[in-house]
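Look at the structure first, then work through them.

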Amino acid sequence: MPTATTMVPDAPKTRPSTSLVAPPNKTPQFTIDAQNKSYKHQYANIYFVRLRLLRGFVEEQAKKKWNEVAGNPTFVPRVLDVEKGQLCFIIGTVYMDMPLKPNVLDDIARDHSIPAPPPRKKFNSPDDIITLEDESGRVCLVGDRIRSAGLVTGVIIGALGIETNSGDFEVVDYVFAGMAPQVSSEWDSSKRGEEMDIDESGDEFPSDEWIALVSGLEVGAPSPTDGELELLTEFLTGELGGLSEQNSASRISRLIIAGNSLAPVVSTSNSVTEEVDRKTRRYGQESAAFSPHPTINLGDHLLDIARSMPIHVLPGESDPSGTILPQQTLPRAMFGGASAYSSFRCETNPAYIHIASGSASNAAAKNGASSSKVDASERRRTLLVNSGQPLNDMFKYLDSPPHTRLSIASSTLHWRHMAPTAPDTLWCHPYFTTDPFIFAETPDLYIIGNQPAFGTKMVTDKQDEDEARCRIILVPGFRQTGTLVLVNLRTLDVKTVSFAAQSMGGALSSDV
């Protein structure tokens with residue numbers, strides 16, 4: 001049976017009522033409408049737009065940091081205008097020249113009679129070259145300082161240094177754009193750091209609202225986890241365990257599924273049998289290999305949960321959605337009865353989700369206000385969710401250790417860009433006039449799904465009189481770990497719930 005969590009005895013048994021609020025005008029939109037769904041533009045436009053949008057922030061940080069450096073370094077607007085022996089700083093886009101990185105030209109020239117080698121887990125090698133480029137050209141960056149910076153292709157940086165006799169730029173220091181501004185929130189939240197009291201939160205209140213995060217359900221996988229999925233459904237609907245577990249579940253206001261809800265389709269048929277079937281098959285009598293059972297199974301579980309709370313579903317790498325980012329919303333019809341609920345939402349990947357507090361939602365409901373027009377700017381949480389593809393791609397660029405998935409995710413906030421390796425090694429839409437992956441604002445929660453293990457970190461950045469604070473959460477794949485993540489919207493504290501189903505005839509269990 002579930003292990004009881006420390007709970008307040010008089011905790012309410014009715015779910016808190018949160019609502020969605022309209023995003024600010026500056027928040028990027030990841031929906032690609034018919035007007036902008038064009039593939040005729042060159043991908044180089046994304047780099048030009050990214051540099052133009054972030055150059056001013058990098059220059060501001062550079063002047064602030066190096067204002068009093070001995071030698072009075074000057075700013076050189078074009079990287080090819082650097083003079084030898086002059087201390088200066090330049091701004092541009094990092095490009096990692098990596099011999100092990102996939103190259104489409106090599107794939108075309110490869111002898112296709114020979115099987116392709118398996119994909120590499122890492123791209124980095126001692127022969128990697130770090131370069132910085134802008135509209136004028138490209139220069140090589142050298143020095144131990146820049147080597148240890150943990151850079152990936154596509155990051156906008158400012159580099160302080162001197163051009164050497166060989167034409168390289170020796171870097172002595174560097175800066176990034178810094179974390180984006182954060183919308184001020186009057187949520188009664190204690191300023192807590194990375195330390196979390198997972199089981200016995202001393203400042204927890206019965207009225208605290210929680211959201212549930214899960215990813216990688218992979219329904220339909222060869223080794224299914226139907227028992228764990230059933231336990232997850234019963235826990236969220238308050239049907240699992242005793243009074244303490246029901247009180248805990250009653251405080252969860254919504255569920256976010258961060259991708260890979262369905263398992264990738266794996267063909268297990270015999271090639272000889274397929275050849276025979278192909279010869280005997282007649283027109284109009286083809287048998288489809290697709291099975292609707294995983295989709296029906298997933299829809300049934302989501303219907304049970306949708307009766308209790310709002311659900312947000314993001315597409316992932318294994319889901320039936322486009323490969324390039326941003327992935328567009330999954331069709332609502334594929335989820336069966338769950339799609340009939342207005343609180344069931346199919347999101348893009350990535351997606352911004354703006355949540356208003358329960359008190360603001362209730363006040364709006366009493367006044368007859370629409371949830372999209374709730375004036376909850378003083379008590380609101382901004383969530384940025386993606387299904388893990390950007391972090392998984394960046395992880396291939398760097399040695400681990402010393403670099404970890406948490407440290408890379410933290411760096412993206414300081415780079416002010418969530419997917420800098422797009423479009424180099426991460427497929428994305430060929431945007432022409434914008435780069436939606438730039439952080440227009442620092443979210444309160446930065447949620448990344450389908451990771452090997454759970455992880456969390458509070459990232460802070462001092463900005464004049466204010467301080468930007470963002471809780472990074474790495475959500476592990478549910479099929480591999482059986483882990484559900486719970487987040488307190490007031491304090492941003494985090495709990496994990498692990499589900500495990502023993503073999504047939506054994507007892508079912510979950511651990512909080």
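Cys140 is partly exposed, with a relative accessible area of 29%. This is a predicted model, where local features need pLDDT of at least 70, side-chain atom pairs count only at pLDDT 80 or more, and totals for chains, interfaces and linings use all residues. Residues are numbered from 1 along each chain as its sequence is written, and side-chain values use heavy atoms, leaving out hydrogens and water.

Q: Is Cys470 buried or exposed?
A: Buried means under 20% relative accessible area, exposed over 50%, and partly exposed in between (1.4 Å probe, protein chains only). The relative accessible area of Cys470 is 0%. Cys470 is therefore buried.

Q: How many disulfides does a search of the whole structure find?
A: A disulfide is a covalent bond between the sulfur atoms of two cysteines. The test used here is a pair of cysteine sulfur atoms within 2.5 Å. Searching the whole structure gives a count of zero.

Q: Which strands stand at the edges of the open sheet of six strands?
A: Strands (E, at least two residues) are DSSP runs, numbered from the N terminus, and two strands pair if DSSP finds at least two bridges between them. The order is β1-β12-β13-β14-β16-β15, with mixed pairing. Two strands have a single partner each, so one side of each lacks a neighbour in the sheet: β1 (19-20) and β15 (455-463).

Q: Which residue in β16 does Tyr446 stand opposite?
A: Strand β14 (residues 445-451) pairs with strand β16 (residues 466-476) in the parallel sense, over five bridges. Opposite Tyr446 stands Ile472.

Methods: Helices (H or I, at least four residues) and strands (E, at least two) are DSSP runs, numbered from the N terminus.
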